[in-house]
Amino acid sequence: VTTEIAPGYGPILRTARRVTDPAGRDLGFVLADLEVGRLLEQGGITDFDAQEQPVLIDRDQDRLLYHPSASLVGEKIEGAVPGFATAYARTATGEGTLQYVAADSEWLVAYANLPKVHWTFALLSPLSPSVVEVRRAGLLNLGFILAAVVVSLALGPIIIGRVTASIRRVT
């Protein structure tokens, strides 16, 4: 698969496939030019934030087939998208979401595999600072709750012992 930019159309994926008969004999080739923008539109994927990065990855070669930055098209995953290579290894099948850290920022990834063509479509989105703060506050609250539970479990038997001792003295 090669990628070109056609004037007036945007990024184009060019792919060639061998055509064979049922006996396996070569009949020829089919060459197809696919406009990436149209593919994304057909998938209902058209409205991205400025920071979101839709990417199309060739799983056979681990190279970018599409990236908003045309200079990264054709590059290996490891060099093109820092920090994403380890998360990408977990996207081998199906679809889903995951997180990864790159250069002191956290990213969310929503991905779907296209098994017939061995491609993966992924949308990379940075976590907003407000989400990070909410998560941090949630973890802090969880810590306070766990500390309160531990203190109550430690003090519970002592308080129960004192109350029962005073009741035994009265009776």
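Reader: Which residues form a nonpolar patch on the surface, and what accessible area do they have together?
Author: Keep in mind that this model is predicted. The patch is made up of Val151, Leu155, Ile158, Ile159, Val163 and Ile167. Taken together, their accessible area comes to about 530 Å².

Reader: Where is Val151 found, and does Val151 count as buried or partly exposed?
Author: Val151 sits in helix α4, which covers residues 129–170. Buried would need a relative accessibility under 20%, and exposed would need over 50%. Val151 has 45%, so it counts as partly exposed.

Reader: Which residues touch the most other members in the largest nonpolar core?
Author: This core has 17 residues. The residues touching the most other members are Ile57, Leu64, Val81, Phe84, Tyr100, Val109 and Leu124.

Reader: What does Phe84 touch, if we don't count residues up to four places away in sequence?
Author: Phe84 is one of the core residues that touch the most other members. Skip the residues up to four places away, and what's left is Ile57, Ile77, Tyr100, Val109 and Leu124.

Reader: How many residues are in the other core, the one lying apart?
Author: Some of its members are Leu56, Leu65, Trp119 and Phe121. This separate core has 7 residues.

Reader: Why does His67 count as buried?
Author: You'll find His67 in the loop between β5 (63–66) and α2. The cut-off for buried is under 20% relative accessible area. His67 counts as buried because its relative accessibility is 7%.

Reader: Which side chain makes a polar contact with the side chain of His67?
Author: Leaving out neighbours within four places in sequence, His67 is in contact with Gln53, Pro54, Val55, Leu72 and Val73. The polar contact, side chain to side chain, is at 3.3 Å, and the partner is Gln53.

Notes:
Residues are numbered from 1 along each chain as its sequence is written. This is a predicted model: local features need pLDDT of at least 70, side-chain atom pairs count only at pLDDT 80 or more; totals for chains, interfaces and linings use all residues. Side-chain values use heavy atoms; hydrogens and water are left out. A nonpolar core is a set of buried Ala, Val, Leu, Ile, Met, Phe, Trp, Tyr and Cys residues joined through side-chain atoms within 4.5 Å. Buried means under 20% relative accessible area, exposed over 50%, partly exposed in between (1.4 Å probe, protein chains only). Contact means heavy atoms within 4.5 Å. Helices (H or I, at least four residues) and strands (E, at least two) are DSSP runs, numbered from the N terminus. A polar contact is a pair of N or O atoms within 3.5 Å; within protein, one must be able to donate a hydrogen and the other to accept it, and residues adjacent in sequence count only if both atoms are side-chain atoms. Patches are made of residues with over 30% relative accessible area and no salt bridge: like charges are joined within 9 Å, nonpolar side chains (Val, Leu, Ile, Met, Phe, Trp, Tyr) within 5 Å. Accessible areas come from the Shrake-Rupley method with a 1.4 Å probe; for residues, only the protein chains shown count as cover. A salt bridge is a side-chain nitrogen of Lys or Arg within 4 Å of a carboxyl oxygen of Asp or Glu.
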